Amino acid sequence: MAKSKIILLDSDVISHFMSTAKIDVLPKILSPHQLFIVDDVYRESIHHPIFDDRKQELDNWISRHKIQRIAFPWNNDKIKLEFYRIKKDSPQLGAGERACLAIARYEKDVIASSNFRDVANYCKEFDIEHIGVMDILTIAVRRGIFSNDDCNKFLHDAIVINDGKFPVAKYEDYRPTRNLDEFCTPLL
């Protein structure tokens, strides 16, 4: 059985799963790994242009599934300095992405983010595990939680409701860029 890891969720992943009404399935898909939300990501996640009750929905989800909400470790000088270095070098990244990257670099956590343009390069440079929404959908299919049709509906809804950007229009056209076997252990 695969070793349980800590997965730092970025706001885009949370937002896509909330907007498609699949947020309650996310912990099951990524089980047995622990899902963490850094406070900066939480603050970004409670805002959405068409969902007024996002904070309450997110709080309820965190409580229902015992998701760990964590403060940024300002007392860790390495992580704090990395956060500010990323801010200087990549000002287009939000505070939540910067927080996840800085923490993951030194804590060796996994990042779940759909921002492949900026986040993936950083993760590759510092050997940080990274999974995106398409990878999460692949894990769901391999574990028998979603069908291909479920994934296509998810993509459609995330694009229409949440202005999602994905590398493919149809789930069947996606090919993971990394081995996801460690995330695809059968459910008990």
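**Notes on a predicted model**

1. Start with the strands. Strand β1 (residues 6-9) and strand β2 (residues 34-38) run parallel and are joined by three bridges. This is a predicted model.

2. β1 has another neighbour. Three bridges also join β1 to strand β4 (residues 110-112), and these two run parallel. Here the bridge partner of Ile-7 is Val-110.

3. Next, helix α1 (residues 11-19). Nine of its nine residues are buried, so the helix is mostly covered. Among them are Val-13, Phe-17 and Met-18, but also Asp-12 and His-16. After α1 comes Ala-21, with a positive phi near 60°.

4. Which residues touch the most other members of the largest nonpolar core? They are Leu-9, Leu-26 and Ile-37, in a core of 62 residues. Leu-26 can be followed in detail. Leaving out residues up to four places away in sequence, Leu-26 touches Leu-9, Val-13, Phe-17, Leu-35, Trp-61 and Ile-136. Val-13 and Phe-17 are buried residues of α1.

5. Lys-66 sits in the loop between α4 (54-65) and β3 (68-70). Its C-alpha atom is 8.7 Å from that of Leu-35, and the two residues are 31 apart along the chain. Is Lys-66 buried or exposed? Lys-66 is exposed, at 67% relative accessible area.

6. Now the charged pairs. The structure holds 15 salt bridges. One of them joins Lys-5 to Glu-182, with the closest N and O atoms 2.3 Å apart. Lys-5 lies in the segment before β1 and Glu-182 in the segment after α9, so this pair ties together parts 177 residues apart in sequence. Glu-182 is partly exposed, with 27% relative accessible area.

7. Another salt bridge is formed by the side chains of Glu-129 and Arg-178, at 3.1 Å from N to O. This pair links distant parts of the chain, 49 residues apart: Glu-129 is in the loop between α7 (119-125) and β5 (130-131), and Arg-178 is in the segment after α9. Glu-129 is partly exposed at 24% relative accessible area. Arg-178 is partly exposed too, at 23%. Through shared partners, salt bridges join Lys-5, Glu-129, Arg-178 and Glu-182 into one network.

8. Lys-80 and Asp-77 meet in a salt bridge, 3.7 Å from N to O. Both lie in helix α5 (residues 77-89), three residues apart, about one turn of the helix. Lys-80 is partly exposed at 27% relative accessibility, and Asp-77 is partly exposed at 48%.

9. Last, the surface. Where is there a nonpolar patch on the surface? Ile-159, Val-160 and Ile-161 form one, with about 240 Å² of accessible area together. Val-160 belongs to helix α9 (residues 148-162). Val-160 counts as exposed because its relative accessible area is 58%, above the 50% cut-off.

Technical notes. Residues are numbered from 1 along each chain as its sequence is written. This is a predicted model: local features need pLDDT of at least 70, side-chain atom pairs count only at pLDDT 80 or more; totals for chains, interfaces and linings use all residues. Side-chain values use heavy atoms; hydrogens and water are left out. Patches are made of residues with over 30% relative accessible area and no salt bridge: like charges are joined within 9 Å, nonpolar side chains (Val, Leu, Ile, Met, Phe, Trp, Tyr) within 5 Å. Accessible areas come from the Shrake-Rupley method with a 1.4 Å probe; for residues, only the protein chains shown count as cover. A salt bridge is a side-chain nitrogen of Lys or Arg within 4 Å of a carboxyl oxygen of Asp or Glu. Helices (H or I, at least four residues) and strands (E, at least two) are DSSP runs, numbered from the N terminus. Buried means under 20% relative accessible area, exposed over 50%, partly exposed in between (1.4 Å probe, protein chains only). Two strands pair if DSSP finds at least two bridges between them. A nonpolar core is a set of buried Ala, Val, Leu, Ile, Met, Phe, Trp, Tyr and Cys residues joined through side-chain atoms within 4.5 Å. Contact means heavy atoms within 4.5 Å.
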